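Student: Could you take me through this structure, one feature at a time?

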Amino acid sequence: MSTATMNISLPDSLKEYVKKRVEKEHYSTPSDYVRSLIREDQKQHEENEHLEQLLLEGLRSGPGIRMDSKEWKKLWAEVDEKMKSKKRNA
């Protein structure tokens with residue numbers, strides 16, 4: 001993995017904030033702190049894109065069905081049973 005340099009300008013108040021975060025969260029440098037923020041943003045962006053794809057897939061799958069409390073209870077019972085089954089087989 002190659003490393004490139006990127007310089008950014010911050011107002012004094014943000015520069016001080018970054019310094020405090022580096023000290024408090026035990027980052028080795030401000031660059032480490034900024035990299036972690038960018039990685040978290042990247043992860044969030046990827047998760048949002050995945051969620052959007054799932055939502056679109058659901059919308060394209062056809063008309064929805066009405067769910068009352070009885071249907072929700074049945075669904076959660078199925079989920080619980082699958083989870084118990086996974087734990088037993090683990």
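Tutor: Let us begin with a term: a residue is buried under 20% relative accessible area, exposed over 50%, and partly exposed in between, using a 1.4 Å probe and protein chains only. This is a predicted model, in which local features need pLDDT of at least 70 and side-chain atom pairs count only at pLDDT 80 or more, while totals for chains, interfaces and linings use all residues. Residues are numbered from 1 along each chain as its sequence is written, and side-chain values use heavy atoms, leaving out hydrogens and water.

Student: Is Tyr27 buried, partly exposed or exposed, and why?

Tutor: The relative accessible area of Tyr27 is 28%. Because that value falls between the limits of 20% and 50%, Tyr27 counts as partly exposed.

Student: Which class of aromatic pair do Tyr27 and Tyr33 form?

Tutor: Rings of Phe, Tyr and Trp (its six-membered ring) pair if their centres lie within 6.5 Å, and planes under 30 degrees apart count as stacked, over 60 as edge-to-face and the rest as tilted. A search of the whole structure finds one such pair. The rings of Tyr27 and Tyr33 lie 5.2 Å apart, centre to centre, with 65 degrees between their planes, and the pair is therefore edge-to-face.

Student: What is the length of the polar contact between the side chains of Ser36 and Tyr27?

Tutor: A polar contact is a pair of N or O atoms within 3.5 Å; within protein, one must be able to donate a hydrogen and the other to accept it, and residues adjacent in sequence count only if both atoms are side-chain atoms. The side chains of Ser36 and Tyr27 are joined by such a contact, of 3.2 Å.
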